[in-house]
Amino acid sequence: MTIIPYKKIAWISLAATVGIIGCNRKLDLVPESNIADANFWKSTNDLILACNYLYQSLPYIQNNINATWSDDGYGTAGNPISDGSRVAPAEDDANFTANYRLIRQANNILEKSALVPGDAALIRRYKGEAYFFRAFAYSKLVRRYGDLPLILRTFDVFDTLATAHKSPRETVLDSLYRDLDSAIAALPAAAALPAAEYGRITRNAALALKSNTGLFEGTRNKYHNLGNAGKHLNLALTATETLMGMGHSLFRYAAVPDSSYFYLFQYAGNGRSNPENILARLYGQSATNPIVQHNYTRDNLANGHVTPTRAFMDSYLYEDGLPPERSSLGMPRQANSLSEFTDRDPRIGMTVFNKNVMSFFLAPYIPNFDNAPTGYKVRKYATIEDFVSQQSFNHYIIFRYGEILLNYAELKYELDGSLSDADLDKSINLLRDRAGMPDLTNAFVTGNTLTMLEEIRRERRVELAFEGEHRYWDLVRWKTAETELPKAIKGTRLFPAEQGNTQGRVVDENGFVIVQAATARKFDVSRDYWWPFPTMDVGVNPNMPQNDKW
């Protein structure tokens, strides 16, 4: 049997052939084509082709722009999620409909796999992929909407599921965990995956999703007083510890080891040889061997879709391990645009452009406000060669081992109320060692009147910055969005001799640019921790009432 790697398919429009989509905007109400199905599901290769289509649902690299939902990033204008100005949308394909479409696709595969003859172990494996993607869709839905319809089979417009009732959030999560357990049991470990199949879902990816989901939902329950936090945290810890024993390690770039964190997000970090990657969206290798190209580097830098904020920059420690307000190396000495990068956690210069690094035209970067309202530009995932060619095949990391180490540290603290130095050494301190930062210890925290939980959260913020939506969802689950999001968005301190035209920019009492005033930002605690259902879907389903205050 020939396995067909999904990356070889180049996103063919499988739905037109096998009819596994055939849906409209609602909860995937329209049935698949019986004529098309009659000619499909004849072999295990058909099953693999159907599973290949699921991979279109993996997040794109442009997902990094969603850092603007949080206090880490700002775009060309205010973001309605971040500043509290959004209203319930009529339709929402990206966040609502597309996830139910994915659920229907997975349900269809799980049902139709019974028709497929051939190798039972192979069929079981690809059912495992369908279970993973169904859980992936529900993980995104439940964190947004809470209680929501739980759809575990296909149906047509005359079925009662066409107007499904909401299921309690905990019921949805229990189903999600069962799907992940089925996936974990059926999928191969990453170490056993043939090189030609790199990019397919593995047992490791399913464990990572369980780790992330359990941490999110457990801490949400804890800090929002919603129910049993320990159940989710313990499920997550078991998945995390299992994954930590499966051979992953942090990426080290032999050519420039002290810049390994930077090269993790360059072409050097692509491929199976990187032991940190657990799941990535593949874009191909080059223009002669593509899957699909993107233009994230030039598009973001030229158009300013996401730029770092003052609050984000202030989250970096100095080389002595202390935050700006505590360190003798800190901000009072800032005399130019480069000062805040000096004696700092090296990840700051690997994440944000500054005069110590080369720009895309092989000259020192010049700080300015062109397409950068905060005065900063994101360096992570920016590739010099792609800026000129305006096409990129750099992969996008969805799950990586660095995040799992952060999960472990936080889970241990949340469950035990403390984090031992031994546990720090096998989690956060591995990340700090790669970056060139001093170890975090309990003695250091106590001796400098720091808080261990705050330092765990700080490490997560700087390590995962501009890798999608991490910061926003962290603020949501910790119930700190109500504190952080209403604050003014600020940028760099003004240095007209370096930055060019700075006239007309409003600054605070310390000379930092005010990009969006606090008066233009709000967070409604009674409403904004949950997302609104699309109003057209609420309108056609009387059993799915709108979330409170929307």
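A residue is called buried under 20% relative accessible area, exposed over 50% and partly exposed in between, with a 1.4 Å probe and protein chains only. By this definition Lys412 is buried, with a relative accessible area of 16%.

The model is predicted: local features need pLDDT of at least 70, side-chain atom pairs count only at pLDDT 80 or more, and totals for chains, interfaces and linings use all residues. Residues are numbered from 1 along each chain as its sequence is written, and side-chain values use heavy atoms, leaving out hydrogens and water.

**Salt bridges**

The whole structure holds 43 salt bridges, each being a side-chain nitrogen of Lys or Arg within 4 Å of a carboxyl oxygen of Asp or Glu. Three of them are tabulated here.

| Pair | N to O distance |
|---|---|
| Arg400 and Glu276 | 2.6 Å |
| Lys355 and Glu498 | 2.9 Å |
| Lys412 and Asp423 | 4.0 Å |

Arg400 forms a salt bridge with Glu276. This pair links distant parts of the chain, 124 residues apart, with Arg400 in strand β6 (residues 396-400); strands are DSSP runs of E, at least two residues, and helices runs of H or I, at least four, numbered from the N terminus. Arg400 is buried at 1% relative accessible area, and Glu276 is buried at 0%.

Lys355 and Glu498 meet in a salt bridge. Lys355 lies in the loop between α13 and α14 and Glu498 in helix α22 (residues 496-499), so the pair ties together parts 143 residues apart in sequence. Lys355 is partly exposed, at 32%.
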